[in-house]
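Colleague: Could you go through this one with me? I'd like to start with the backbone and then move on to packing and side chains.

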Amino acid sequence: MSGARYGAGGTEQGGARYGGYPGGATRAGGESEGPGFETLAIHAGQDPDPVTGAVVPAVSVATTFAQEAVGRHAGYDYSRSGNPTRGALEACVASLEGAAGAAAFASGLAAEDAVLHLLEPGDHLIVPDDAYGGTYRLVSQVWGRLGIAHTSVGLSDLAAVAAAWRPETRMVWAETPTNPRLGIVDIAALAELVHARGARLVVDNTFATPWLQRPLALGADVVVHSATKYLGGHSDVVGGIVASNDAEVLERIAFVQNSVGAVPGPWDCYLTLRGIKTLAVRVERQCATAATVVAALEGHPGVETVLWPGLTGHPGHEVAARQMRGFGGMVSFVVAGGEEAALAVAAGTRLWTLAESLGAVESLIEHPHRMTHASVAGSPLEVPSGLLRLSVGLETPDDLVSDLLGALERATG
Ligand SMILES: *Cc1c(COP(=O)(O)O)cnc(C)c1O
């Protein structure tokens with residue numbers, strides 16, 4: 001029954017064959033036996049329907065479930081508290097993250113909000129100095145008003161993390177790679193510091209995805225995702241998910257999921273599950289195309305700096321090479337000529353769509369200073385106005401390169 005509550009690998013929905021190997025996907029990191037990542041992505045939590053044989057989990061639209069006798073049912077009583085399609089998604093993501101359980105939410109921020117509910121008034125948390133803008137807004141303007149204090153620190157500097165520590169620090173929130181500068185945080189080293197001081201480490205794994213990086217195996221206590229990005233992967237569903245191996249965390253997150261009720265609908269869960277099936281092949285290709293795009297930008301007279309952890313000159317390169325399977329499909333670069341030139345490049349591409357969000361099959365370009373990071377202008381999180389962020393999609397690499405270089409030449413040439 002606990003499976004239905006927090007989507008442990010092994011729910012009634014069909015953890016039987018693959019959901020029961022929460023550690024199975026660690027084979028990606030070279031550690032354990034059990035099904036590999038791609039197998040789990042397609043099958044975990046998704047055995048053929050025992051009644052009909054359907055190979056895809058049903059989109060269970062029912063809000064309520066018949067009970068044989070009071071309190072006696074097949075694991076579900078009401079769809080806010082638990083839903084079979086949601087349970088399949090939770091079991092699948094839990095297995096991919098090597099987690100004992102996961103809980104799905106209506107958005108990434110709803111998932112983050114549930115994690116922040118682990119804190120009590122008076123607690124303090126440390127957040128990255130280049131956190132996702134919405135995370136910073138949630139921490140500073142929502143939870144800040146409810147008595148949770150925070151400090152923003154560059155998390156690749158462990159001495160700075162130690163210096164920001166207070167007796168009431170209970171949580172460190174990390175993102176790696178960071179947004180939009182693509183900085184890298186050493187998860188294992190940070191986890192050691194955080195645990196020595198009796199706090200919890202949360203890692204937002206949205207940019208890396210579990211295919212590239214497994215924070216729990218590196219020592220993190222909680223993983224959170226905006227499933228809107230790579231997990232969904234097709235720009236057609238908003239969602240979030242929390243995964244952990246800590247029973248106390250899972251218990252509390254499941255309680256908040258049910259009590260606050262920011263749950264995803266079954267169609268959204270289905271779309272996310274469908275996206276996850278191709279996660280590995282998508283991200284693998286996106287990493288390769290990102291490398292091609294980076295090579296074209298590097299040394300281009302219209303480009304001042306390229307930020308991508310795959311570059312040997314990137315300050316986080318060595319750590320990224322150690323803790324990630326690949327360097328990711330996100331690339332940022334500073335345009336020579338500042339804000340005006342950057343805005344012209346962003347408006348001048350045809351194939352790269354000027355839009356917020358990331359991680360989907362369509363390649364996107366955006367101007368963080370004016371778009372995704374507008375809410376942090378004037379704060380320590382403000383980003384340079386000449387910076388552009390790319391989310392590399394799955395179009396033909398040569399088409400992407402020629403479109404981007406054309407826009408650069410028109411804007412800066
Ligand atoms: C998009 C995003 C979020 C927020 O997720 P939503 O699904 O938009 O609520 C959180 N963290 C990161 C890194 C993101 O990119």
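Colleague: Is S357 buried, partly exposed or exposed?

Modeller: This is a predicted model, and in it S357 counts as partly exposed, with a relative accessible area of 28%. S357 lies in the loop between β10 and β11, and although S357 is not a glycine, its phi is positive, at about 80 degrees.

Colleague: Which other residue has a positive phi although it is not a glycine?

Modeller: S235 is one, with a phi of about 55 degrees, and its place is in the loop between β6 (222-226) and β7. Most residues other than glycine have a negative phi, and most peptide bonds are trans.

Colleague: On peptide bonds, then: which residue is joined to T176 by a cis bond?

Modeller: T176 is joined by a cis peptide bond to P177, with omega at about -5 degrees, and P177 is found in the loop between β4 (169-175) and α7 (187-196). A cis bond also joins N179 and P180, with omega at about 5 degrees, and P180 is likewise placed in the loop between β4 and α7.

Colleague: Let's go to the sheet with β10 in it. What is the strand order in that open sheet of five strands?

Modeller: The order is β8-β9-β12-β11-β10, and the pairing is mixed. The edge strands, each pairing on one side only, are β8 (303-307) and β10 (353-354). Strand β10 runs parallel to β11 (residues 364-366) and is joined to β11 by two bridges, with L354 having I365 as its bridge partner in β11.

Colleague: And which strands does helix α11 touch?

Modeller: Helix α11 (residues 279-297) packs on the sheet and touches β8, β9 (330-335) and β12 (387-391), its direction making about 15 degrees with that of β9. Helix α13 (residues 338-348) packs on the sheet as well, touching β9, β10, β11 and β12, and its direction makes about 135 degrees with that of β9.

Colleague: Moving away from there, how many residues of β1 are buried?

Modeller: Five of the five residues of β1 (residues 101-105) are buried, so the strand is largely enclosed by the rest of the structure. Both of its faces are covered, with G101, A103 and F105 buried on one side and A102 and A104 buried on the other. Strand β1 runs antiparallel to β7 (residues 240-244), to which five bridges join it, and the partner of G101 in β7 is S244.

Colleague: What does G108 touch, leaving out residues up to four places away in sequence?

Modeller: G108 touches H225, S226, G239 and G240. This glycine lies in helix α4 (residues 108-116), and G108 is buried, with a relative accessible area of 9%.

Colleague: Now side chains. How many aromatic pairs does a search of the whole structure find?

Modeller: The search finds three. In one of the pairs, the rings of F65 and Y76 have their centres 5.7 Å apart and their planes at 40 degrees, so that pair is tilted. F65 and Y76 are 11 residues apart, both in the loop between α2 (37-43) and α3 (84-96), and Y76 counts as buried at 8% relative accessibility.

Colleague: How is the pair of W308 and F327 arranged?

Modeller: W308 and F327 are edge-to-face, at 5.8 Å centre to centre with 70 degrees between the planes. W308 is in the loop between β8 and α12 (317-323), whereas F327 is in the loop between α12 and β9, so the pair ties together parts that are 19 residues apart in sequence. W308 is buried at 7% relative accessibility, while F327 is partly exposed at 22%.

Colleague: Which arginine lies over the face of W211?

Modeller: That is R325, at 3.4 Å from the ring centre. The charged end of R197 also sits over a ring, that of W165, 5.4 Å from its centre.

Note on methods. Residues are numbered from 1 along each chain as its sequence is written. Side-chain values use heavy atoms; hydrogens and water are left out. Two strands pair if DSSP finds at least two bridges between them. Helices (H or I, at least four residues) and strands (E, at least two) are DSSP runs, numbered from the N terminus. Contact means heavy atoms within 4.5 Å. Axes are lines fitted to C-alpha atoms, for helices over the stretch in contact, and angles run from 0 to 180 degrees between N-to-C directions. Rings of Phe, Tyr and Trp (its six-membered ring) pair if their centres lie within 6.5 Å; planes under 30 degrees apart count as stacked, over 60 as edge-to-face and the rest as tilted. Buried means under 20% relative accessible area, exposed over 50%, partly exposed in between (1.4 Å probe, protein chains only). A charge sits over a ring if NZ of Lys or CZ of Arg is within 6 Å of the ring centre and within 35 degrees of the ring normal.
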